[in-house]
Amino acid sequence: MVLVDTSVWIAFFREGSSSAAKKLDALLEECEVCICGLIEAELMPGIHKKDRARVRSLMTGLPCLETAVDIWNDVTDIQDRSLAQGLGPFSIPDLVVAAVALRNNVALFSLDKHFLSIARVTGLQLWEPSAE
(Lines give C-alpha, C1' and ligand atoms only; values in the text may rest on other atoms or scores of the structure.)
Protein backbone atom coordinates (compact mmCIF):
# COMPACT_ATOMS: atom_id res chain seq x y z
CA MET A 1 0.00 0.00 0.00
CA VAL A 2 1.05 3.56 -0.70
CA LEU A 3 -0.21 6.58 1.22
CA VAL A 4 -0.78 9.28 -1.39
CA ASP A 5 -0.16 12.82 -0.20
CA THR A 6 -2.31 15.83 -1.03
CA SER A 7 0.29 17.20 -3.46
CA VAL A 8 -0.11 14.14 -5.69
CA TRP A 9 -3.92 14.25 -5.56
CA ILE A 10 -3.84 17.91 -6.60
CA ALA A 11 -1.67 17.03 -9.61
CA PHE A 12 -4.01 14.13 -10.40
CA PHE A 13 -7.16 16.27 -10.44
CA ARG A 14 -5.63 19.40 -12.00
CA GLU A 15 -3.14 17.93 -14.45
CA GLY A 16 -4.45 14.52 -15.43
CA SER A 17 -1.63 13.99 -17.91
CA SER A 18 1.28 14.89 -15.61
CA SER A 19 3.81 12.26 -14.63
CA ALA A 20 2.53 12.19 -11.03
CA ALA A 21 -1.07 11.82 -12.23
CA LYS A 22 -0.13 8.88 -14.46
CA LYS A 23 1.75 7.21 -11.61
CA LEU A 24 -1.22 7.65 -9.29
CA ASP A 25 -3.57 6.31 -11.95
CA ALA A 26 -1.42 3.17 -12.20
CA LEU A 27 -1.42 2.76 -8.42
CA LEU A 28 -5.21 3.13 -8.36
CA GLU A 29 -5.56 0.44 -11.04
CA GLU A 30 -3.38 -1.86 -8.92
CA CYS A 31 -5.50 -1.11 -5.80
CA GLU A 32 -2.35 0.02 -3.97
CA VAL A 33 -3.56 3.47 -2.82
CA CYS A 34 -4.59 4.44 0.68
CA ILE A 35 -5.39 7.76 2.30
CA CYS A 36 -5.77 9.19 5.77
CA GLY A 37 -8.34 11.62 7.12
CA LEU A 38 -5.93 14.55 7.14
CA ILE A 39 -5.15 14.17 3.44
CA GLU A 40 -8.83 14.06 2.56
CA ALA A 41 -9.48 17.10 4.78
CA GLU A 42 -6.69 19.03 3.03
CA LEU A 43 -7.85 18.02 -0.43
CA MET A 44 -11.62 18.47 -0.38
CA PRO A 45 -11.82 22.26 0.16
CA GLY A 46 -9.72 22.78 -2.97
CA ILE A 47 -11.97 20.66 -5.18
CA HIS A 48 -14.54 22.50 -7.27
CA LYS A 49 -17.99 22.04 -5.76
CA LYS A 50 -19.27 20.41 -8.95
CA ASP A 51 -16.57 17.73 -8.65
CA ARG A 52 -16.79 17.03 -4.92
CA ALA A 53 -19.30 14.16 -5.11
CA ARG A 54 -17.13 12.33 -7.65
CA VAL A 55 -13.96 12.89 -5.63
CA ARG A 56 -15.61 11.93 -2.34
CA SER A 57 -16.88 8.73 -3.98
CA LEU A 58 -13.34 7.88 -5.09
CA MET A 59 -11.95 8.61 -1.62
CA THR A 60 -14.66 6.54 0.09
CA GLY A 61 -13.58 3.50 -1.91
CA LEU A 62 -9.98 3.70 -0.70
CA PRO A 63 -8.57 2.21 2.50
CA CYS A 64 -8.25 4.97 5.10
CA LEU A 65 -5.38 4.62 7.57
CA GLU A 66 -6.21 5.33 11.18
CA THR A 67 -4.76 8.38 12.85
CA ALA A 68 -4.11 7.10 16.37
CA VAL A 69 -5.04 9.20 19.37
CA ASP A 70 -1.42 9.29 20.51
CA ILE A 71 -0.04 10.31 17.09
CA TRP A 72 0.97 13.64 18.65
CA ASN A 73 3.81 11.90 20.49
CA ASP A 74 5.18 10.77 17.12
CA VAL A 75 4.69 14.24 15.61
CA THR A 76 6.61 15.84 18.46
CA ASP A 77 9.37 13.24 18.26
CA ILE A 78 9.82 13.67 14.50
CA GLN A 79 9.92 17.46 14.84
CA ASP A 80 12.41 17.29 17.74
CA ARG A 81 14.71 14.87 15.90
CA SER A 82 14.52 16.96 12.73
CA LEU A 83 15.36 20.19 14.49
CA ALA A 84 18.24 18.51 16.32
CA GLN A 85 19.69 17.66 12.89
CA GLY A 86 19.20 21.19 11.60
CA LEU A 87 16.16 20.29 9.49
CA GLY A 88 12.74 21.83 9.61
CA PRO A 89 10.67 22.94 11.28
CA PHE A 90 8.04 21.08 9.32
CA SER A 91 4.32 21.80 9.22
CA ILE A 92 2.12 19.87 11.62
CA PRO A 93 0.00 18.40 8.78
CA ASP A 94 3.10 17.05 7.04
CA LEU A 95 4.38 15.60 10.30
CA VAL A 96 1.03 13.90 10.88
CA VAL A 97 1.07 12.39 7.37
CA ALA A 98 4.61 11.12 7.93
CA ALA A 99 3.69 9.71 11.35
CA VAL A 100 0.63 7.92 9.95
CA ALA A 101 2.73 6.37 7.17
CA LEU A 102 5.37 5.28 9.66
CA ARG A 103 2.81 3.84 12.10
CA ASN A 104 1.17 1.83 9.34
CA ASN A 105 4.45 0.80 7.71
CA VAL A 106 3.45 2.09 4.27
CA ALA A 107 5.36 4.13 1.71
CA LEU A 108 4.45 7.75 1.06
CA PHE A 109 4.00 9.17 -2.45
CA SER A 110 4.45 12.95 -2.33
CA LEU A 111 5.69 15.71 -4.59
CA ASP A 112 6.81 17.77 -1.58
CA LYS A 113 10.61 17.68 -1.28
CA HIS A 114 10.71 18.25 2.48
CA PHE A 115 9.53 14.67 2.99
CA LEU A 116 13.05 13.71 1.85
CA SER A 117 14.40 15.39 4.98
CA ILE A 118 11.78 13.77 7.18
CA ALA A 119 12.69 10.40 5.65
CA ARG A 120 16.38 10.93 6.49
CA VAL A 121 15.49 11.50 10.14
CA THR A 122 12.81 8.83 10.53
CA GLY A 123 13.33 6.12 7.95
CA LEU A 124 10.03 7.07 6.29
CA GLN A 125 9.77 5.06 3.08
CA LEU A 126 9.13 7.27 0.05
CA TRP A 127 7.44 5.60 -2.91
CA GLU A 128 9.08 5.74 -6.29
CA PRO A 129 7.79 3.83 -9.31
CA SER A 130 11.18 2.27 -9.98
CA ALA A 131 11.20 0.81 -6.45
CA GLU A 132 7.94 -1.04 -6.99
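I number residues from 1 along each chain as its sequence is written, and side-chain values use heavy atoms, with hydrogens and water left out. As the model is predicted, local features need pLDDT of at least 70, side-chain atom pairs count only at pLDDT 80 or more, and totals for chains, interfaces and linings use all residues.

I looked up the pockets first. A pocket here is an open set of points on a 1 Å grid over the protein atoms alone, where a 1.4 Å probe fits, with protein on both sides within 12 Å along at least five of seven lines. Lining residues have an atom within 4 Å of a point. Grid points are joined across faces, edges and corners, and a volume is the space filled by probe spheres set on the points. The largest pocket has a volume of about 270 Å³. Its lining holds 14 residues, and Ser110, Leu111, Lys113, Trp127 and Glu128 are the closest to the centre. The elements giving two or more residues to this lining are α2 (19-29), β4 (107-109) and α7 (114-122). Helices (H or I, at least four residues) and strands (E, at least two) are DSSP runs, numbered from the N terminus. By class, I note nine nonpolar, one polar and four charged residues in the lining of the largest pocket. Ala, Val, Leu, Ile, Met, Phe, Trp, Tyr, Cys and Pro count as nonpolar; Asp, Glu, Lys and Arg count as charged; the others, Gly among them, count as polar.

**Second largest pocket.** This one has about 200 Å³ of space. Its lining includes Thr6, Phe13, Glu42, His48 and Arg54. At least two lining residues come from each of α1 (6-14), α3 (37-43) and α4 (52-60). I see the largest share, four residues, coming from α1. The lining of the second largest pocket splits into five nonpolar, three polar and four charged residues.

**α1 against α2.** I checked this packing next. The angle is about 100°, and the axes are 8 Å apart. Axes are lines fitted to C-alpha atoms, for helices over the stretch in contact, and angles run from 0 to 180 degrees between N-to-C directions. α1 is therefore roughly perpendicular to α2 (65 to 115 degrees). Val8, Trp9, Ala11 and Phe12 of α1 touch Ala20, Ala21, Leu24, Asp25 and Leu28 of α2. Contact means heavy atoms within 4.5 Å. The contact of α1 with α2 has eight nonpolar, no polar and one charged residues.

**α5 against α7.** The axes of α5 (residues 71-84) and α7 come within 10 Å and cross at roughly 95°. So α5 is roughly perpendicular to α7. Ile78, Arg81 and Ser82 of α5 meet Ile118, Val121 and Thr122 of α7. I count three nonpolar, two polar and one charged residues in this contact.

**Aromatic pairs.** My search of the whole structure gave four. Rings of Phe, Tyr and Trp (its six-membered ring) pair if their centres lie within 6.5 Å. Trp9 and Phe13 are stacked, at 5.9 Å centre to centre and 20° between the planes (stacked means planes under 30 degrees apart). Both lie in α1, four residues apart, about one turn of the helix.

**Backbone.** Most residues other than glycine have a negative phi, and most peptide bonds are trans. I found the bond from Gly88 to Pro89 cis, with omega near 5°. Pro89 lies in the loop between α5 and α6 (92-104). Cys31 has a positive phi of about 55° although it is not a glycine. I place Cys31 in the loop between α2 and β2 (33-36).

Methods: Angles under 35 degrees count as roughly parallel, over 145 as roughly antiparallel, 65 to 115 as roughly perpendicular and the rest as oblique. Rings of Phe, Tyr and Trp (its six-membered ring) pair if their centres lie within 6.5 Å; planes under 30 degrees apart count as stacked, over 60 as edge-to-face and the rest as tilted.
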